[in-house]
Amino acid sequence: MKLYLTFDEVGMLLDALKSNGVEKAEICVIGWNQKGHDGRYPQLFPVEESAGGEKALRKLIKKGQAMGYQMTCHTCSTDAYSIADCWSDDLPAITKDGKFRSHTVYSGGRMYDVCLKQ
């Protein structure tokens with residue numbers, strides 16, 4: 001994982017937006033979950049410590065909301081990685097030939113499509 005900004009540094013960006021007259025914005029925090037973007041889905045927690053951890057993320061969300069910004073956090077409900085603490089062989093969709101359905105590799109390794117029936 002390569003960290004680009006801590007939660008405190010994102011807070012400084014919010015300050016810059018506000019001081020430049022941006023009154024309304026949606027701020028989407030990406031890569032907040034353990035090991036960053038697409039690191040461990042469907043596992044979301046703990047919040048990535050190198051970015052500041054859960055306490056700093058909660059502080060950032062409150063700060064942005066107090067400034068009038070809509071704060072969101074990127075998640076994914078359709079990807080699964082075998083390195084997740086909650087991994088189960090029941091998670092991936094199965095192809096017609098009985099293999100786990102996968103079509104790419106991201107930062108968490110081989111990305112498997114989640115079986116939506118499960």
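This is a predicted model: local features need pLDDT of at least 70, side-chain atom pairs count only at pLDDT 80 or more; totals for chains, interfaces and linings use all residues.

Colleague: Okay, take Trp 87 and Phe 100. Why is that pair edge-to-face?

Modeller: Their planes sit at 70°, and edge-to-face needs over 60, so the pair gets that label. The ring centres are 6.1 Å apart.

Colleague: And where in the chain are those two?

Modeller: Both Trp 87 and Phe 100 lie in the loop between β3 (79-80) and β4 (102-106), 13 residues apart.

Colleague: What other aromatic pair does Phe 100 form?

Modeller: Phe 100 pairs with Tyr 112, edge-to-face again, at 5.6 Å centre to centre and 85° between the planes. This one links the loop between β3 and β4 to strand β5 (residues 109-113), where Tyr 112 sits, 12 residues from Phe 100.

Colleague: Which residues make up the cluster, then?

Modeller: Trp 87, Phe 100 and Tyr 112 form one aromatic cluster.

Colleague: Is Tyr 112 buried or exposed?

Modeller: Tyr 112 counts as buried, because its relative accessibility is 16% and the cut-off is under 20%. Phe 100 has a relative accessible area of 30%, so Phe 100 is partly exposed.

Colleague: Switching topic: what sits over the ring of Tyr 69?

Modeller: That's the charged end of Lys 18, 5.3 Å from the ring centre.

Technical notes. Residues are numbered from 1 along each chain as its sequence is written. Side-chain values use heavy atoms; hydrogens and water are left out. Rings of Phe, Tyr and Trp (its six-membered ring) pair if their centres lie within 6.5 Å; planes under 30 degrees apart count as stacked, over 60 as edge-to-face and the rest as tilted. Helices (H or I, at least four residues) and strands (E, at least two) are DSSP runs, numbered from the N terminus. Buried means under 20% relative accessible area, exposed over 50%, partly exposed in between (1.4 Å probe, protein chains only). A charge sits over a ring if NZ of Lys or CZ of Arg is within 6 Å of the ring centre and within 35 degrees of the ring normal.
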